[in-house]
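User: Could you walk me through reading a few features of this model?

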Amino acid sequence: MTFDDAGTIQRVNRAAERMFGYRAEEIIGSSVRVLLPEQCEQGDLHDMCTTDISAFISAGVRELVARRKDGSTFPIDLNVSQMRIHGTCVFSGLMRDISTRTAMEAEKQRYITDLARSNQELDDFAYIASHDLKEPLRGVANNAMFLKEDYERALDEKGVKRLDRMVFLCQRMERLVDDLLYFSRLG
């Protein structure tokens, strides 16, 4: 669409008619505030909604919220450029409905949030499982050491070696559990 330096809409093409739900004759002569009311009220488009539009043009493409005739809102990319037609300064607003892109970005963010939550739950589970697996291993290893200390004289060499082997295997399993916990936290 084109508009003058006061933000009054001069021309609207068919794509803009479809995008906003207005027929050209309904919107021509209206202020761009009709299509972008929130930004004008909040001051985001102060430069465009007043006579100083040069600062707005120099900012390039902006992502804004637009309003259709039915009152529904949708995100757009807006790029404003200045032209001279027969010596008169006219501004062209190129708008693109980015509803699909915005919805996809929101969905992507939901997936990232869900993944972060899931990773945290997995990390918590790995820590708890590690602790719960290590406790019985320590108990078995400690009992094997106590048996060896208390009954070493009553056991033959083969029995002492078996107790030593139990302690070694429990310690090895504890290291494996620690390694699994470390691996789970890598990423």
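**Reading helices, burial and salt bridges**

Analyst: Leu 155 is partly exposed, with a relative accessible area of 32%; buried means under 20%, exposed over 50%, and partly exposed in between (1.4 Å probe, protein chains only). This is a predicted model, where local features need pLDDT of at least 70, side-chain atom pairs count only at pLDDT 80 or more, and totals for chains, interfaces and linings use all residues. Residues are numbered from 1 along each chain as its sequence is written, and side-chain values use heavy atoms, with hydrogens and water left out.

User: Where is Leu 155 found?

Analyst: Leu 155 sits in the loop between α6 and α7; helices are DSSP runs (H or I, at least four residues), numbered from the N terminus.

User: Which residues of α7 are buried, and what do they pack against?

Analyst: Among them are Gly 159, Val 160, Leu 163 and Glu 174. The buried residues of α7 pack against α6 (99-151).

User: How many salt bridges are there?

Analyst: A salt bridge is a side-chain nitrogen of Lys or Arg within 4 Å of a carboxyl oxygen of Asp or Glu, and the count comes to 14. One of them joins Asp 164 to Lys 148, with the closest N and O atoms 2.8 Å apart. That pair links distant parts of the chain, with Asp 164 in helix α7 and Lys 148 in helix α6, 16 residues apart.

User: What about Lys 161 and Glu 157?

Analyst: They form a salt bridge too, at 3.4 Å between the closest N and O atoms. Both lie in helix α7, 4 residues apart, about one turn of the helix, and both are exposed.

Technical notes:
Helices (H or I, at least four residues) and strands (E, at least two) are DSSP runs, numbered from the N terminus. Contact means heavy atoms within 4.5 Å.
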